[in-house]
Amino acid sequence: MTIQPYRAALETYIAAHANPTHKFGHQPRLYALTQQIGQGLTYDDDVVFAAVWLHDLGVFIGHRPEDPEALKTWNHVTYIIEKAPAILTEAGFPSEKIPAVLDVIRTHQPQDTPLTLEATVARDADILEQLGAIGITRTLAKLGSDTRFCTFTEALHALKKQLATLPDQLKLDTSRALAIPRFHIMQSFLDALESEAGPNLY
């Protein structure tokens with residue numbers, strides 16, 4: 001299969017803008033998950049690829065507000081919806097597919113209702129990235145750099161909420177199957193954390 005030049009261009013763009021740098025890994029992992037979830041399904045992989053690589057641009061330092069108060073009400077989805085068409089055009093992405101990419105980005109969060117198969121695959125993948133060992137790692141990496149997570153206890157509450165609410169929001173059977181081991185890993189971690197720390201987690 002020929003790799004389209006715009007794929008490399010989008011990867012290069014995100015690699016250059018990912019700040020902090022650990023946020024870069026979310027994009028390739030997310031795309032790999034979409035390929036697992038979408039196996040055997042018929043959908044536009046170019047649309048999914050572009051959406052998953054661009055969807056979180058607005059959470060990167062340099063793209064989000066620096067002011068803590070402004071950050072509390074920041075909508076990173078609105079930001080990338082505005083920026084994506086020019087980025088995709090510059091990368092040489094097919095112009096007729098750009099609206100479909102925006103549809104995927106617009107509905108990639110758990111509270112959203114995806115209206116296309118491309119959006120469903122991407123949203124399920126994004127939910128899976130918030131579960132299991134990766135979900136734990138991503139949440140703990142935000143300590144000190146995300147206003148929501150100043151203490152381990154706040155991160156613990158976030159992880160508990162992710163575990164309690166996210167698996168049931170997955171739409172596709174393949175996604176639900178992939179979630180099972182991630183669910184058990186996360187539950188085991190939370191049990192161990194509370195057992196080891198007791199009331200002194202802080």
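A polar contact is a pair of N or O atoms within 3.5 Å; within protein, one atom must be able to donate a hydrogen and the other to accept it, and residues adjacent in sequence count only if both atoms are side-chain atoms. In this structure, such a contact of 2.8 Å joins the side chains of H63 and H17. The model is predicted: local features need pLDDT of at least 70, side-chain atom pairs count only at pLDDT 80 or more, and totals for chains, interfaces and linings use all residues. Residues are numbered from 1 along each chain as its sequence is written, and side-chain values use heavy atoms, with hydrogens and water left out.

- H63 is found in the loop between α3 (45-54) and α4 (68-72); helices (H or I, at least four residues) and strands (E, at least two) are DSSP runs numbered from the N terminus.
- With a relative accessible area of 13%, H63 is buried; buried means under 20% relative accessible area, exposed over 50%, and partly exposed in between (1.4 Å probe, protein chains only).
- The side chain of H63 also makes a polar contact of 2.6 Å with the side chain of Y79.
- Not counting residues up to four places away in sequence, H63 touches Y13, H17, L57, G58, W74 and Y79; contact means heavy atoms within 4.5 Å.

- K23 lies in the loop between α1 and α2 (26-37) and, at 17% relative accessibility, counts as buried.
- Leaving aside neighbours within four places in sequence, K23 is in contact with V59, F60 and R64.
- P20 also lies in the loop between α1 and α2, and a cis peptide bond with omega of about 5° joins N19 and P20.
- I61 has its place in the loop between α3 and α4 and is partly exposed, with a relative accessible area of 38%.
- Although I61 and P20 are 41 residues apart along the chain, their C-alpha atoms are separated by 6.9 Å.
- Apart from neighbours within four places in sequence, I61 is in contact with H17, N19 and P20.

**Packing of α1 against α5**

- The axes of helix α1 (residues 5-17) and helix α5 (residues 76-91) come within 8 Å and cross at roughly 130°; axes are lines fitted to C-alpha atoms, for helices over the stretch in contact, and angles run from 0 to 180 degrees between N-to-C directions.
- This angle makes α1 oblique to α5, given that angles under 35 degrees count as roughly parallel, over 145 as roughly antiparallel, 65 to 115 as roughly perpendicular and the rest as oblique.
- The contact is formed by Y6, A9, L10 and Y13 of α1 together with I87, L88 and A91 of α5.
- By class, this contact has 7 nonpolar, no polar and no charged residues; Ala, Val, Leu, Ile, Met, Phe, Trp, Tyr, Cys and Pro count as nonpolar, Asp, Glu, Lys and Arg as charged, and the others, Gly among them, as polar.

**The enclosed helix α3**

- Helix α3 is largely enclosed by the rest of the structure, because 10 of its 10 residues are buried.
- Those buried residues include V47, V48, F49 and W53, and what covers the buried residues of α3 includes α1, α2, α5, α6 (98-106) and α7 (117-128).
- At the start of α3, a side-chain oxygen of D44 reaches to within 3.0 Å of the backbone nitrogen of D46.

**Y202**

- Y202 is found in the segment after α10 (173-197) and, at 66% relative accessibility, counts as exposed.
- The phi of Y202 is positive, at about 65°, although Y202 is not a glycine.
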